[in-house]
Amino acid sequence: MLNWKSDKIRSSVKYVDTLKLNTKDGLRDMAKLLKVSIPSKLRKDEYAMALAEAFLSFPEKWLTQLTQYELILLRKLVDAGPEACVEESGIFAANSLEPLSIVIVSNYSETEGKVSYMICDELREAIAPYIDNVLSSKEQTVRFIVEQYAYGLVNLYGFLPYLKVLELLNEYLQDSVTKAEISRSIARSALIERFTFDLVDIYNLTLCVASPYLLESEELEEKLSEHLEIKDLKRFSKKEVFEAGRMPSPHLPCAGSDELKKYMMARLGYVEATADNELQYLWVNMQEDANIMSVISSIIGGKLSSKQEVQEAVELFMNYCNQCPRWFLKGYSSTEAFDLFEKGKLSKNRPRLVAGPNMKAAGMDITPEMQAGFDDIFYNSFSEQKVGRNDPCPCGSGKKYKNCCGRN
């Protein structure tokens, strides 16, 4: 596990010097993201000086584009004073402060699930008079709500067309926020702007918004094309979308997550912050369709001594994985996708036994009992799931399994 700390970082460093550590293209991206106008013809150092001056002179303009979580973190840093750090949990937190060189990471500990941030003195002094007003503004409060729902949507689906994000936001927030407020809030969000991209195919170009955790949109699009039988996005509840946009770490809807987290803390020795980080790491790998068993093995490590304990742990992890929403299944979990599509497909398309010439010559035919027995073997072989006696029969009769194909 990584544990990194620097004793050389000081808050007295000039803000322009932190900006100079970026490439000129990086500086241009910062200016564009926070809508700061800087002449592009300037050389890199001149561009950094102009950008630093704009940031320091007009903080009220770019502060209004940061997320509520980022602004609260900045206020903590303002209150902490010179040379002080603020420690936050959530190593995999998505925020724009570090990429924009607004904060400096002074300590990083994966074993504790903690990150320590610092801010340079002149930037802290520049934002101090404005930070509380921005946080308490009614307009900003509306933007914070819209932003969290938008962030939740892309975390649940991987990426969505920009217009689809607006459509879903209008559905979820129609009782509390106007369409104009939603459009304005999204347009002013640096987080959403940072992850907006053009998805290009041979026919057209679509403006999309991605989750910060999505590495390759083209790979996800390819995986989605392999599941064309799933026509529509899974519909999540309003609460689930809001929680999935929680910062610094999203809380994904999954029935097995709380049980698994308690197990990790009680049996694997994880503190809560580290357990959250490990679960988020597992979630990201599931969305990328990585080798899940390899990830689970790394989380379990050498913390269990017997084969039985390892088996118990793997079962809990797999239960979580099977119930967790998957991007390439349009938000459905693996279990839900199987229940919705594969079971129905197998019950509709199961092979029918046909009597051959020899059977017919002997006056024999396929009886319902013979077909039912074959259906039972076929279904259980391909579904890899056992049918409970009181479950609906997979043949589609509407009867319980024990009163239909499971009679024998």
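## A buried glutamate

Glu147 counts as buried, at 2% relative accessibility; buried means under 20% relative accessible area, exposed means over 50%, and partly exposed lies in between, with a 1.4 Å probe and protein chains only. Glu147 sits in helix α8. Helices here are DSSP runs of H or I with at least four residues, strands are runs of E with at least two, and both are numbered from the N terminus.

Which residues touch Glu147, leaving aside its neighbours within four places in sequence? Glu147 is in contact with Gln65, Leu66, Thr67, Gln68, Ser189, Ala190 and Leu191, where contact means heavy atoms within 4.5 Å.

## What kind of model this is

This is a predicted model, in which local features need pLDDT of at least 70, side-chain atom pairs count only at pLDDT 80 or more, and totals for chains, interfaces and linings use all residues. Residues are numbered from 1 along each chain as its sequence is written, and side-chain values use heavy atoms, with hydrogens and water left out.

The pLDDT is the predictor's confidence in each residue, from 0 to 100. The protein chain averages 83, and 80% of the residues score at least 70. Among the elements of the chain, α9 has the highest mean pLDDT, 97, while strand β1 (residues 3-5) has the lowest, 44. Over residues 377-385 the pLDDT is below 50, and this stretch has 16 contacts in the model beyond near neighbours in sequence.

## The whole chain

How many helices and strands does the protein chain have? There are 20 helices and seven strands. Of the 408 residues, 47% are buried. Take the contacts with a separation of 6 or more: 66% of them are between residues 24 or more positions apart.

The accessible surface of the chain comes to about 21,400 Å², and carbon and sulfur atoms account for 51% of that surface. Such areas come from the Shrake-Rupley method with a 1.4 Å probe, and for residues only the protein chains shown count as cover.

## One side of a helix

Now look at helix α10 (residues 179-187), whose buried residues are Ile182, Ser185 and Ile186. They cover an arc of only 95° around the axis, which puts them on the same side of α10; the arc is that of the directions from the helix axis to the C-beta atoms.

What do the buried residues of α10 pack against? Their partners are α8 (138-157), α9 (162-172) and α11 (190-194).

## Rings and charges

A pair of aromatic rings is described by the distance of the centres and the angle of the planes. Rings of Phe, Tyr and Trp (its six-membered ring) pair if their centres lie within 6.5 Å; planes under 30 degrees apart count as stacked, over 60 as edge-to-face and the rest as tilted. By this rule the count comes to seven aromatic pairs. One of them joins Tyr213 and Trp283 edge-to-face, at 5.4 Å centre to centre and 75° between the planes. Tyr213 lies in the loop between β7 (205-210) and α12 (217-225), and Trp283 in helix α15 (residues 272-287), so the pair ties together parts that are 70 residues apart in sequence. Tyr213 is buried at 8% relative accessibility, and Trp283 is buried at 2%.

Elsewhere, Tyr15, Phe55 and Trp62 form one aromatic cluster. Charges can also sit over rings: NZ of Lys or CZ of Arg must be within 6 Å of the ring centre and within 35 degrees of the ring normal. Lys61 lies over the face of Phe58, 4.9 Å from the ring centre, and Arg235 lies over the face of Tyr172, 4.4 Å from the ring centre.

## Backbone details in the loops

Where is Pro248? Pro248 lies in the loop between α13 (238-244) and α14 (257-267), and the peptide bond from Met247 to Pro248 is cis, with omega near 10°.

Lys35, in the loop between α2 (24-33) and α3 (44-57), has a positive phi near 55°. Ser101, in the loop between β2 (86-89) and β3 (104-109), has a positive phi near 60°. Ser101 also counts as buried, at 12% relative accessibility.
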